[in-house]
Amino acid sequence: MLHVTKSFLPDIKEYISLLEEIWTNGQLTNDGPLVIELERKLAEYLEVEHFLYVSNGTIALQLAINALELAGDVITTPFSYCATTTSLIWEKCNPIFADISPISLTSERVHIERVLTTDSKGILTTHVYGNCADLEDQEQLAADYQIPIIYDGAHAFGVRHQGKSIFNYGTISTCSFHATKIFHTIEGGALITRDSNLAEKLRGIRSFGHKGDDYFAAGINGKNSEFHAAMGLINLKHFPQIKAHRQLASELYELRLPAEIQRIAWNSENDRNYSYFPVIFSSEETLLKVLIALNAVQIFPRRYFYPALNELPYLTYQACPVAEDIAKRIVCLPLSAEISTVDIERICSIISSTL
């Protein structure tokens, strides 16, 4: 059985060696030594200034929205995982959807400007599959309107834009370290900012809103544990090999898949991390035909993202024709640190023969 991804697991002996450290020092959570070490090493690896490790990528978004005190209309993308939108809803904001580019699949400045009003309080867009839009133009737009911009970088671990970490952009950037991600800590996420005052505020509200025994804000429990940090410390050592294997797999897909299947346009100023391999079929009918053929032999790609978020049943509909169209025709093919050449050849052969 082959799924859209397979979580990377290191040699269990590596993990046990860090578990023994946890048993020795007796601290399981509340900014333990492994959490502190992971934060430091990830900040160094990503070359970012303020890095906060949290319990998951969704709470990272909610903490960012809360710390920026956003309320009212926030412009966001209809093409992302549902957590991008639901984090706004949970923080009592009103999602305003900006449609996407049909080739990059990102909400770019031109799309954001179309829905930007004097009521807009912030922007929350996504680096789709690790692909980013026109970041400098978006940030200039946000600066002109004096509103913050949050980047959901759930898929963007290790991506560099114009030679620096993609997480150095935005008022706040977030990431997910869920078990399905290219770098994972089983469950986990992160907040990154260049603003030292904002970082300090985020650290406080991440831990119930208190320092010592003094409560200063209505915070939440966004901390993570030593057990999750242990997995992250080990997986970080393996990340170069994980990325290299996924790159080779992606390059083989490119060679073997029929040319008529659309790929997305990757930003030429990005270094890719090969977190996903999305393909866009000519119609939903063709996509479903391919999925039936693959599922019949226990191969399970994912319609990721589907449906477009502006079509979620608990929201008032806002038309985003490009996102709605792409969401019906896109699928992510299986990709992992272990996928074999044989499996990729088989997937491509089935797709070719089904078209």
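Modeller: Helices here are DSSP runs of H or I with at least four residues, strands are E runs of at least two, and both are numbered from the N terminus. The model is predicted.

Colleague: Where is Phe305 placed, then?

Modeller: Phe305 is in the loop between strand S15 (299–300) and helix H10 (321–329). A cis peptide bond joins Tyr304 to Phe305, with omega about 20 degrees. Pro307 is in the loop between S15 and H10 too. The bond from Tyr306 to Pro307 is cis, with omega near -5 degrees.

Colleague: What is Tyr304 paired with?

Modeller: Tyr304 forms an aromatic pair with Tyr81.

Colleague: What makes this pair tilted?

Modeller: The centres are 6.4 Å apart, and the cut-off for a pair is within 6.5 Å. The planes are 50 degrees apart. Stacked needs under 30 and edge-to-face needs over 60, so this pair is tilted.

Colleague: Why does the pair tie together parts apart in sequence?

Modeller: Tyr81 lies in the loop between strand S3 (72–76) and helix H4 (82–90), and Tyr304 in the loop between S15 and H10, so the pair links parts 223 residues apart in sequence.

Colleague: How do you know whether Tyr304 is buried or exposed?

Modeller: Its relative accessibility is 7%. Buried means under 20%, so Tyr304 counts as buried. Tyr81 has 40%. That lies between 20% and 50%, so Tyr81 is partly exposed.

Colleague: Why is the pair of Phe177 and Phe183 called edge-to-face?

Modeller: The angle between the planes is 85 degrees, with 5.1 Å centre to centre. Phe177 and Phe183 are both buried. They belong to one aromatic cluster, which also includes Tyr45 and Phe239.

Colleague: What makes the charged end of Arg303 sit over the ring of Tyr306?

Modeller: The charged end is 3.8 Å from the ring centre. The distance cut-off is within 6 Å, and the direction must be within 35 degrees of the ring normal. Arg303 is listed as sitting over the ring of Tyr306. Lys164 does likewise over Tyr169, at 4.7 Å.

Colleague: What about the phi of Tyr274?

Modeller: Tyr274 has a positive phi of about 60 degrees, yet it is not a glycine. Tyr274 is in the loop between strand S13 (270–271) and strand S14 (277–280).

Colleague: Why does Tyr274 count as buried?

Modeller: Its relative accessibility is 13%, and the cut-off is under 20%, so Tyr274 is buried.

Conventions. Residues numbered from 1 in each chain as written. Predicted model: local features only at pLDDT ≥ 70, side-chain atom pairs only at ≥ 80, totals over all residues. Heavy atoms only, no water. Buried < 20%, exposed > 50% of the residue type's maximum accessible area, 1.4 Å probe, protein only. Phe/Tyr/Trp six-rings, centres within 6.5 Å; stacked < 30°, edge-to-face > 60°.
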